[in-house]
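Hi everyone, thanks for coming.

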Amino acid sequence: MLANMGWIRAEKSTSKNAEGLMNAAGDQPYSFTTPLGSYTFDWAQPISVPLFMGVALYESVAKQDKLDPDAIAESLAAGGDTIFNLSMLKNVKQLLGGGFGSVTEQIAGLPVSYIEQAYPTIFGQAARTIDDTKRSTYDTTGIGKFGRQLAAKTPFASKLLEPKLNIWGQEQKQGGAVQQFLNPGYFLPKNDDATTKEVMRLYRSTKETDFLPKLAKGSFSSDGVKYELTPKQLTAFQREMGQENYKDISRAIQSPFYQNASDEKKVNKLRKIVLHNYDDEKEKFLKELKKPQD
């Protein structure tokens, strides 16, 4: 009933860009949706398990054009998958090969995950209170990522990491002492920005994802060569691309052409902007990466 009324949401979108857009708009997975924003509820075990199973079941059924045995089976599977997507069973999902990479890689990563979990929670809470900016733990190596994950949970050391940026290249915040020490869930305020609201409206209207502002990837391929970005380079790429997308899309949606166009033409217009800015930033970084090192 809550899912049907739009008051609760379970699964993440299969599109990273779509999930990035919803996060920028104040919408989170496994959360209650309010006029003020969204509040996560996956911490409330064991109640949240059957609750979100029901929501995932509804969301899966709602995607089907017709309700037949296959649709019912897929919906039940989606509801069951919810158990493994909640934080308490993420390691089990990794062990079964539900993450990225091979099963062996997932198993090898479990000890590191448990070491990270054993790190005193209060350190992480203190770090996020002292430094209310979300931090990126991206790294090109597993050991580097592990070190950055621990740094993000260490008071003062977290400030040495790059900020985590949203689709518009803006830094993300994570609340103060009340959020970190007293609030078991996470509240994300609703974003009333006109540009974000229009892109979200267009996405919900068309269900297309290729026109959405992109989240930067950690590597590029050019002429058969793979180039990996450092954490600093990835942050710079996302900042510049995101801010260009916001500026250009904001200008576009205010134009008479856009306001009088159909949703299909609006999608085409925004797709051109997004692809141009991505290619432009990619070319800029490739030129930098290909420069001979001193």
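A quick word on the model: it is predicted, local features need pLDDT of at least 70, side-chain atom pairs count only at pLDDT 80 or more, and totals for chains, interfaces and linings use all residues. Residues are numbered from 1 along each chain as its sequence is written, and side-chain values use heavy atoms, with hydrogens and water left out.

So, the protein chain: there are twelve helices and six strands. Those are DSSP runs numbered from the N terminus, helices being H or I with at least four residues and strands being E with at least two. The chain has 294 residues, and 40% of them count as buried, meaning under 20% relative accessible area with a 1.4 Å probe, protein chains only.

Now the core. In soluble globular proteins, nonpolar side chains tend to be buried together. Here the largest nonpolar core has 21 residues, and Leu21, Phe211 and Ile249 are among those with the most contacts inside it. By nonpolar core I mean a set of buried Ala, Val, Leu, Ile, Met, Phe, Trp, Tyr and Cys residues joined through side-chain atoms within 4.5 Å. Helices H1 (16-25), H9 (194-206), H10 (231-253) and H12 (263-289) each give two or more residues to this core. Which of them gives the most? H1 does, with five residues.

Let's zoom in on phenylalanine 211. Setting aside neighbours within four places in sequence, its contacts include Val199, Tyr203, Leu270 and Val274; contact means heavy atoms within 4.5 Å.

On to the helix pairs. The axes of H9 and H12 come within 11 Å and cross at roughly 120 degrees. Axes are lines fitted to C-alpha atoms, for helices over the stretch in contact, and angles run from 0 to 180 degrees between N-to-C directions. H9 and H12 are therefore oblique to each other: under 35 degrees is roughly parallel, over 145 roughly antiparallel, 65 to 115 roughly perpendicular, and the rest oblique. On the H9 side, Val199 and Leu202 are among the contact residues, and on the H12 side, Val267 and Leu270 are among them.

How about H9 and H10? Their axes are 10 Å apart, at an angle of about 75 degrees, so H9 and H10 are roughly perpendicular to each other. Ala194, Thr195, Glu198 and Val199 in H9 meet Tyr246, Ile249, Ser250 and Ile253 in H10.

Conventions: Buried means under 20% relative accessible area, exposed over 50%, partly exposed in between (1.4 Å probe, protein chains only).
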